[in-house]
There are 2 protein chains.
Amino acid sequence: MELWFLGTSAGMPISGRNVTSVALRMPQNRGTFWMFDCGEGTQHQLLRTSFKLSRLEKLFITHLHGDHVFGLPGLLSSRSSLGGTEPLDLHGPQGLREFMETSFRISGTHLNYPLQIHEIVEGKVFEDEAFSVEAAKLDHRIESFGYRIAESPRAGALNTALLADMGVPSGPLYGKLKSGEDVSLEDGRIIRSSDVIGNPLPGRVIVVLGDTKPCASAIQLARGADLLVHEATFSHDLAIKADDYTHSTALQAAETAQAAGAKRLLITHFSSRYKPEDLSGLEAEARSAFPYTDAAIELRPYEIPLN
Amino acid sequence: MELWFLGTSAGMPISGRNVTSVALRMPQNRGTFWMFDCGEGTQHQLLRTSFKLSRLEKLFITHLHGDHVFGLPGLLSSRSSLGGTEPLDLHGPQGLREFMETSFRISGTHLNYPLQIHEIVEGKVFEDEAFSVEAAKLDHRIESFGYRIAESPRAGALNTALLADMGVPSGPLYGKLKSGEDVSLEDGRIIRSSDVIGNPLPGRVIVVLGDTKPCASAIQLARGADLLVHEATFSHDLAIKADDYTHSTALQAAETAQAAGAKRLLITHFSSRYKPEDLSGLEAEARSAFPYTDAAIELRPYEIPLN
C-alpha cells in the first residue's frame with residue numbers, strides 16, 4: 001500500500017502545491033485505489049501519476065469545504081470519459097448528494113457507471129473481508145470526519161523449522177497448512193494447521209483526518225495507527241489563529257499522534273502563507289513532540305509496510 | 001488588449017492542455033481582465049500568468065457543460081481569499097445561479113465581494129462607454145451562447161498637416177481640438193474641431209463562441225470581427241461525429257470565419273484525442289478555407305491591435 005498526496009495546500013492552490021486530496025494505492029495489486037478528499041485540480045494531479053481513474057473504487061470526503069470537494073464533479077465525469085464502468089462508492093457528510101446531483105444536473109453530465117453516494121454518520125462506513133473503514137466526527141467549523149482504514153489481520157507465518165523437525169515434507173502440504181487446512185501424513189499422523197501457524201499478523205491501519213482542531217475523537221480514531229495523516233494548517237506561533245479557524249498547528253498534530261500511539265505522522269494542509277521552503281520549519285516543530293513526522297510532499301509515494 | 005487561452009482541451013484535461021477558459025486583458029491598463037468560461041483548474045492556470053484574480057471584472061459563461069464551468073466555485077472563492085473586494089459580474093445561461101448558490105451553500109463559502117449573477121437571454125448583456133457585449137444563441141446539445149465584445153469607436157486622428165497649413169500653432173490648442181472643442185485663434189479665426197479631425201476609428205470586435213455546430217447565428221454574431229474564437233473539436237474526417245455531438249470541425253470553424261468576414265480566427269476546444277503535435281493538422285485544415293487561422297496555444301498572449 002502506498003499513500004500519495006495529490007494536494008497539500010489549505011484553502012487554495014499556490015504555485016507548486018494543490019488543494020487537498022490523498023490517494024491510497026490498495027494492496028490487491030490490480031491498480032485499484034481509494035481517495036480521500038478531492039479539491040479542484042485533483043484529476044489534473046492524477047495525470048502526473050500512474051493512477052488510472054477507471055481503477056478508483058472508493059472516495060471518502062472528510063468535509064464539504066470547497067478546497068476538499070470542488071474537484072469532485074470534474075473527476076467523476078472524467079472517470080466516465082476515460083472508460084470507467086465499475087461502480088464507485090462516494091462517502092461523505094450530508095450535503096454531498098445535493099452538491100453532486102445539482103452539479104451533474106445543471107451541467108448535463110451523465111456517468112457511464114453507477115455512482116453510489118453514501119451520506120455518512122459516525123461509525124463503520126464500509127467493511128469487507130480485507131478492510132473496514134470507520135468514521136468519527138472531529139472538531140471543525142463545519143461537520144468534519146476522520147477515517148480509520150483497518151486492514152484485516154493476515155494469517156501468521158508457517159513454522160517451517162518445526163515442520164522440518166516433525167519430518168513433514170515441503171511442497172503442497174505446506175500450502176494446505178498455510179491456508180488453514182489440517183493434513184494427514186502417509187504415516188497416519190495428523191498435522192493441525194493451528195499447531196504450525198503463528199499468531200495472525202495485524203493488518204495495517206491508516207487514519208486520514210479532515211480539518212480539525214485538537215480533539216479527543218481524533219486521538220481515539222488514530223489509536224495505534226501505522227500512519228496518521230493530520231492537518232497542520234499553521235505553525236504554533238499562530239495557535240490562536242488556528243483555534244479561531246478550528247484548525248491545528250503542526251505541534252498540535254504531533255501531540256495527537258503521540259497521544260494516539262501512532263507509528264508515523266504525515267502533516268499536510270499547509271496554509272498558503274507557507275512556501276515550499278517553509279515546510280521544514282513546520283516539520284521540525286512537529287518532530288519536537290513526535291519524531292516520526294514528515295511534512296507531506298506531493299506526488300511521491302509513502303509506502304505503508306506490512307506489519 | 002490581449003487574449004490568453006487558459007485551456008484548449010474539450011471535455012477533460014490532458015497532459016499539457018487544460019479545459020476551456022479564455023482571459024481577455026482589457027485596454028484600460030489597470031491590470032483588469034474579463035474571462036470567458038471557467039473549466040476546472042482555471043485558477044491554477046492563472047497562477048502561471050501575470051493576471052491577478054482581484055482584477056477580474058467580468059466573467060461570461062457560454063454554456064453549462066462541466067468542462068466550461070466546474071472551475072467557477074473555486075476561482076470565485078480564491079478571488080475572495082486573494083483580496084478581491086470589487087464587485088464581479090457573472091453572465092451565463094439559466095441554471096448558473098442554482099449551480100453557484102448550491103456550491104457556495106453546501107461548501108459554506110462566503111465571498112468578500114458582491115457577486116452579481118446575470119442569467120442571460122439573447123441580445124445586449126452589457127454596455128458602458130467603452131464596450132458593449134452582445135450574446136447570441138448557437139446550436140449545441142444544451143443552450144450555448146456566443147459573445148460579441150465590441151469596443152466603442154475612438155476619435156479620429158487630428159489632421160496636423162492641415163493645421164500647419166492653416167498656421168495653427170501646435171500646443172494646447174491641438175489638445176482642445178482633439179478632444180472635440182472648437183478654438184478661436186488670436187487673429188479671430190475659429191477652427192472647428194470637426195474640420196480637422198478624421199472620421200472616428202472603429203473599435204475592436206472580439207467574438208468568443210461557445211460549443212456549437214455550424215449555424216447562421218454564429219456567422220451573424222462574428223460579422224467583421226477582428227478576432228473570432230471558435231471551437232474545433234474534431235478534424236473534418238470526423239464531421240459525422242462532430243454533427244452527432246453538435247460540435248464543429250476545424251474546417252467548419254474556418255468556413256464560419258470566412259462567411260462572417262472575420263479578420264482572424266483562433267481555433268480551440270480540441271478533443272483529447274489530439275495531442276499537442278496533432279494540432280498543426282487541424283490548423284492546416286482550417287487554413288485551407290480561411291488562411292488567417294491559428295490553433296490556440298495556452299498561456300501565451302494573442303494581441304488584438306488597434307484599428
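Copies are superposed here by least squares on the C-alpha atoms of residues with pLDDT of at least 70 in both. On that basis, chain A can be laid on chain B with an RMSD of 0.2 Å, by a turn of 180° and a shift of 0.0 Å along the axis. That is the relation of a two-fold axis. The same surface serves both copies: 100% of the contact residues of chain A recur in chain B, where contact means heavy atoms within 4.5 Å. Within chain A, Gly41(A) comes closest to the rotation axis, with its C-alpha at 2.7 Å.

This is a predicted model, in which local features need pLDDT of at least 70 and side-chain atom pairs count only at pLDDT 80 or more, while totals for chains, interfaces and linings use all residues. Residues are numbered from 1 along each chain as its sequence is written, chains are lettered from A in the order in which they are written, and side-chain values use heavy atoms, with hydrogens and water left out.

Now the interface. The contact takes 33 residues from chain A and 33 residues from chain B. Together the chains bury about 2,500 Å², 64% of it on carbon and sulfur atoms. Buried area is the accessible area (1.4 Å probe) that two parts lose on being put together, summed over both. In chain A, Glu40(A), Phe70(A) and Ile106(A) lose the most area to chain B, together 27% of what that side buries.

Two salt bridges link chain A and chain B. A salt bridge is a side-chain nitrogen of Lys or Arg within 4 Å of a carboxyl oxygen of Asp or Glu. Glu98(A) and Arg105(B) form one through their side chains, at 2.5 Å from N to O. Helices H1 (42-46), H3 (72-81) and H4 (96-107) of chain A each give two or more residues to the side that touches chain B. H4(A) gives the most, with seven residues. Helices (H or I, at least four residues) are DSSP runs, numbered from the N terminus.

Next, look at Asp67(A). UniProt lists Asp67(A) for "active site" in an unreviewed entry; such annotations may be inferred rather than shown by experiment, and positions follow the numbering used here, with feature names shortened. Asp67(A) is found in helix H2 (residues 66-69) of chain A. At 11% relative accessibility, Asp67(A) counts as buried, which means under 20% relative accessible area (1.4 Å probe, protein chains only). Leaving aside neighbours within four places in sequence, Asp67(A) is in contact with residues including Ala10(A), Thr20(A) and His269(A).

Technical notes. Buried < 20%, exposed > 50% of the residue type's maximum accessible area, 1.4 Å probe, protein only.
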